[in-house]
Amino acid sequence: MKPKIHLISFLDNDIQLFNDDCMNVFSNIPNNSISLIVTSPPYCMGKEYENITDDINSFINLNSKVIKESIRVLKNGGSLCWQTGFHVKNSISIPLDIIIYNIVEKINRELEDKDKLILHNRIVWTFGHGLNSEKRFSGRYETILWFTKGNEYSFDLDSIRIPQKYPGKKYSRGKKAGEYSGNPLGKNPSDVWDIPNVKANHVEKTSHPCQFPVAIPQRLIKALTKPGDWVMDPFLGSGTTAVAAVLEKRRFIGSEIKKEYIEICKERIEKAIDGSILVRPDVPVSEPDLKQKVAQKPKEFKW
Ligand SMILES: C[S@@+](CC[C@H](N)C(=O)[O-])C[C@H]1O[C@@H](n2cnc3c(N)ncnc32)[C@H](O)[C@@H]1O
């Protein structure tokens, strides 16, 4: 079956969405053409978009194929960012980023140095809310592995700086005594990102069961690409990476196997283009207002 392609008019029609298996889409992309691939693959543990028989071996097989193709289509100096959490079945947790790292190491053994993936950060994405466990510590983070193809790459730190907690802090001694110690453009966001996850009342929520927030691909796109570069997401879901690419004026190619999700992607991209999309701004999570009743401890609470 020929893949269904949706071209959306933006940057000369350079938003391409395929309602197809990503491996078919990769087979039509030339070598060394994409600047950034950012995705969150299926965790293969029985979600509504997965086969009931999927298991950790399905995860390894799928990601081995997709990462191999990703390296082929990435430009030298391009980035690959893989967002994953844990594969949990029968109370047994497998950290998927370790599996991904091992897959990359295995593929690297077959590659020339200039094409090997080099890991730069294991970003911890932490969020304040989620399911509360009774039998283990409640999970409040997932990770993003950021690799580049080869070790020559650019990183636009100034585009993703965040406000300092104490911007008025000054050097107390030495040659710079009395000067502000922080960068006036803000600080490096570090490798721990506190960004709310997309739950029921989040402004970005669609009917897709597993969205990541726009701020995640948006930070990566700003830091790792330039306007006009090609960004790809092979597992589009609700199209969050595409939305971030449009907001940052990058070209985009993505694939999603389920038709109902492609429809959500199209709608979100159109809203991103006409400026009506609702996105949580990438600002620090606010502290609770202790004057609000919900932030006060009821007297029957024992802690
Ligand atoms: C974890 S979700 C991605 C969610 C996305 N990051 C978002 O914010 O909406 C993974 C998606 O990959 C899709 N998918 C699974 N296998 C695929 C394949 N072989 N090719 C393309 N898409 C696939 C699933 O239908 C699912 O929507």
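Student: Let's start with Arg280: buried, exposed or partly exposed?
Tutor: Arg280 is partly exposed, because 14 other C-beta atoms lie within 10 Å. Here 20 or more other C-beta atoms within 10 Å of a residue's own means buried, 12 or fewer means exposed and in between is partly exposed, with C-beta atoms placed from the backbone.

Student: What should I know about the model itself?
Tutor: This is a predicted model: local features need pLDDT of at least 70, side-chain atom pairs count only at pLDDT 80 or more, and totals for chains, interfaces and linings use all residues. Residues are numbered from 1 along each chain as its sequence is written.

Student: Where is Arg280 found, and what is it in contact with?
Tutor: Arg280 sits in the segment after helix 6 (259-274). Leaving aside neighbours within four places in sequence, its contacts are Pro196, His202, Val203, Glu204, Pro213 and Ala215. Contact means C-beta atoms, placed from the backbone, within 7 Å. Helices are DSSP runs (H or I, at least four residues), as are strands (E, at least two), numbered from the N terminus.

Student: New topic: how many residues of helix 5 are buried?
Tutor: Seven of the eight residues in helix 5 (residues 240-247) are buried, among them Thr240 and Val246. The cover over these buried residues includes strand 2 (15-19), strand 3 (34-39), helix 4 (215-224), strand 10 (230-233), strand 11 (251-255) and helix 6.

Student: And what follows helix 5?
Tutor: Lys249 follows helix 5, with a positive phi near 55°.

Student: How do helix 4 and helix 5 cross?
Tutor: Their axes come within 8 Å and cross at roughly 45°. Axes are lines fitted to C-alpha atoms, for helices over the stretch in contact, and angles run from 0 to 180 degrees between N-to-C directions. That makes helix 4 oblique to helix 5; under 35 degrees counts as roughly parallel, over 145 as roughly antiparallel, 65 to 115 as roughly perpendicular and the rest as oblique. The contact is made by Pro217, Gln218 and Ile221 of helix 4 with Thr240, Thr241, Ala244, Ala245 and Leu247 of helix 5.

Student: What about helix 2 and helix 3, at what angle do they pack?
Tutor: Helix 2 (residues 56-73) and helix 3 (residues 96-108) pack at about 50°, with axes 10 Å apart. That makes helix 2 oblique to helix 3.

Student: Last one: which residues come nearest the ligand?
Tutor: Of the 19 residues around the ligand, Tyr49, Phe235, Gly237, Ser238 and Thr240 come nearest. A residue counts as near if its C-beta atom, placed from the backbone, lies within 6 Å.

How values were computed
Two residues are in contact if their C-beta atoms, placed from the backbone, lie within 7 Å.
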